[in-house]
Amino acid sequence: MAEDHGRKWDRCLADTVVKTATGLGVGIVFSVILFKRRTWPLWFGSGLGLGMGYNNCQHDFRSPYLVHGHIVKVSTERKV
């Protein structure tokens, strides 16, 4: 259980960092090209990335019965 929790944290942090950095990069591009070097596209893009990462983490931690990458067999025989 602790190992699964650790994997979820690792996946969560990595996903959040990637999404935040991508949002920041897109914000930089839009700031330079369209908005005359204003800073609000940077904050907006990184905020969107952080929010999406947080939402994915919340979904991952609230679904304890999902097993990532494993096939779970359910027995259909009935015990009397």
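**Salt bridges and helix packing in a predicted two-helix model**

E3 and R7 form a salt bridge, with the closest N and O atoms 2.2 Å apart. The model is predicted, and the values given here are computed from it. Both E3 and R7 belong to helix α1, four residues apart, or about one turn of the helix. E3 is exposed because its relative accessibility is 53%, above the cut-off of 50%. R7 has a relative accessibility of 42%, so R7 counts as partly exposed.

Three salt bridges are found in a search of the whole structure. One of them joins R11 to D60, at 3.2 Å from N to O. This pair links distant parts of the chain. R11 sits in helix α1 and D60 in helix α2, 49 residues apart. R11 is partly exposed, at 37% relative accessibility. D60 is buried, with a relative accessible area of 10%. The value for D60 falls under the 20% limit, and D60 is therefore classed as buried.

Another salt bridge pairs K19 with D15. Their closest N and O atoms are 3.4 Å apart. K19 and D15 both lie in helix α1. They are four residues apart, about one turn of the helix. K19 has a relative accessible area of 25% and is partly exposed. D15 is also partly exposed, at 24% relative accessibility.

The packing of the two helices was examined next. Helix α1 covers residues 2–33, and helix α2 covers residues 40–62. Two packed helices are described by the angle between their axes and by the distance between those axes. For α1 and α2, the angle is about 160° and the axes are 7 Å apart. This makes α1 roughly antiparallel to α2, because angles over 145 degrees count as roughly antiparallel. The crossing of α1 past α2 is right-handed.

A contact in space was also identified between S31 and P41. Their C-alpha atoms are 5.7 Å apart, while the two residues are ten apart in sequence. S31 is part of helix α1. With a relative accessible area of 5%, S31 is buried.

Backbone angles in the loop were then considered. K36 lies in the loop between α1 and α2. The phi of K36 is near 50°, a positive value in a residue other than glycine. K36 is exposed, at 73% relative accessibility. R37 is found in the loop between α1 and α2. R37 has a positive phi of about 60°, although R37 is not a glycine. The relative accessible area of R37 is 66%, so R37 counts as exposed.

The surface carries a nonpolar patch of about 710 Å². The patch is made by L24, V26, I28, V29, F30, V32, I33 and L34. Within this group, F30 is found in helix α1. F30 has a relative accessibility of 39% and is therefore partly exposed. That value lies between the 20% and 50% limits of the class.

Technical notes:
Residues numbered from 1 in each chain as written. Predicted model: local features only at pLDDT ≥ 70, side-chain atom pairs only at ≥ 80, totals over all residues. Heavy atoms only, no water. Patch = residues over 30% accessible without salt bridge, like charges linked within 9 Å, V, L, I, M, F, W, Y side chains within 5 Å. Areas by Shrake-Rupley, 256 points an atom, 1.4 Å probe, with all protein chains shown as cover. Salt bridge = Lys/Arg side-chain N within 4 Å of Asp/Glu carboxyl O. Buried < 20%, exposed > 50% of the residue type's maximum accessible area, 1.4 Å probe, protein only. Axes fitted to C-alpha atoms, helices over the stretch in contact; angles between N-to-C directions. Parallel < 35°, antiparallel > 145°, perpendicular 65-115°, else oblique. Left-handed = near helix turned anticlockwise from the far one by under 90°.
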